[in-house]
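Subject: Structure handover

Hello,

The structure we spoke about is below.

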Amino acid sequence: MQIHGQEITFTNNITVEAYNMLRKSVDWISVTEKRAAIALQHSFYLCVAMLGDTPVGMTRIVSDGGYSYFITDVIVSPAYQGHHIGTEMITRTLDYIQKDVLEGETVMINLMSAYQREQFYEQFGFHKRPFGNHGSGMSVWVSRDSHGNVTKY
């Protein structure tokens, strides 16, 4: 895969600074250096798309090591969207999980789609919720300010 004559390569690590730079590129909240470092260190799997020395996309898996996998931080920098980088990253991520599943085992792969991006994930077999006996996905962000006040949003 090439963009502007340069080869896209894939690696399994990213710096905290590059991680937050990718998050900022898609207008996601900033994660403190401490929390970002912990999150990256405890990832089950990382897939980072590189254009030369510049990370242009990433995805990661968080897992309990048993049957539950959560795909998160699926990001492609807006300047590089439309070049199938996201498709390649999700394909690599799902391949990694599928290789981890042994004969006779069943695992669950979850993700929270970005707003109006559900169709992208449907091509990989994901279902919109609610369906069947699955309710809607839910989330809440929790922040604490310098005065100790907690805000949920």
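Proline 130 sits in the loop between α4 and β7. Helices (H or I, at least four residues) and strands (E, at least two) are DSSP runs, numbered from the N terminus. A cis peptide bond joins arginine 129 to proline 130, with omega at about 0°. Aspartate 27 is in another loop, the one between α1 and α2. Aspartate 27 is not a glycine, yet its phi is positive, near 60°. For background, most residues other than glycine have a negative phi, and most peptide bonds are trans.

A word on the source. This is a predicted model, where local features need pLDDT of at least 70 and side-chain atom pairs count only at pLDDT 80 or more, while totals for chains, interfaces and linings use all residues. Residues are numbered from 1 along each chain as its sequence is written, and side-chain values use heavy atoms, with hydrogens and water left out.

**The sheet**

Six strands form an open sheet in the order β1-β2-β3-β4-β5-β6. The pairing is mixed. Two strands count as paired if DSSP finds at least two bridges between them. The edge strands are β1 (2-3) and β6, and each pairs on one side only.

Take the pairs in turn. Strand β2 (residues 6-11) runs antiparallel to strand β3 (residues 45-51), with four bridges between them. Here isoleucine 8 has leucine 51 of β3 as its bridge partner.

Strand β4 (residues 54-63) and β5 are also antiparallel, joined by six bridges. Valine 62 stands opposite phenylalanine 70 in β5. The hairpin of β4 and β5 has four residues between the strands. Glycine 65 in that hairpin takes a positive phi near 80°.

How do β5 and β6 run, parallel or antiparallel? Strand β5 (residues 68-76) and strand β6 (residues 108-111) run parallel, joined by four bridges. The chain goes from β5 through helix α3 (residues 85-100) to β6, a right-handed β-α-β crossover. Right-handed means that, with the strands pointing away from the viewer, the path from the first strand over the helix to the second runs clockwise. Serine 68 faces methionine 108 in β6. Tyrosine 69 has isoleucine 109 of β6 as its bridge partner.

**Helices on the sheet**

Helix α3 lies across β1, β2, β3, β4, β5 and β6, at about 160° to β5. Helix α1 lies across β4 and β5, at about 100° to β4. Contact here means heavy atoms within 4.5 Å. Axes are lines fitted to C-alpha atoms, for helices over the stretch in contact, and angles run from 0 to 180 degrees between N-to-C directions.

**The pockets**

A pocket is an open set of points on a 1 Å grid over the protein atoms alone, where a 1.4 Å probe fits, with protein on both sides within 12 Å along at least five of seven lines; lining residues have an atom within 4 Å of a point. Grid points are joined across faces, edges and corners, and a volume is the space filled by probe spheres set on the points.

The largest pocket has a volume of about 1000 Å³. Its lining has 29 residues, with Arg23, Ile29, Val31, Asp73 and Trp141 nearest the centre. Strand β5 gives the largest share, five residues. The lining divides into 18 nonpolar, six polar and five charged residues. Ala, Val, Leu, Ile, Met, Phe, Trp, Tyr, Cys and Pro count as nonpolar, Asp, Glu, Lys and Arg as charged, and the others, Gly among them, as polar.

The second largest pocket has a volume of about 590 Å³. It is lined by 21 residues, and Leu111, Phe126, His127, Lys128 and Arg129 lie nearest its centre. Strand β6 supplies the largest share of this lining, four residues.

Best wishes
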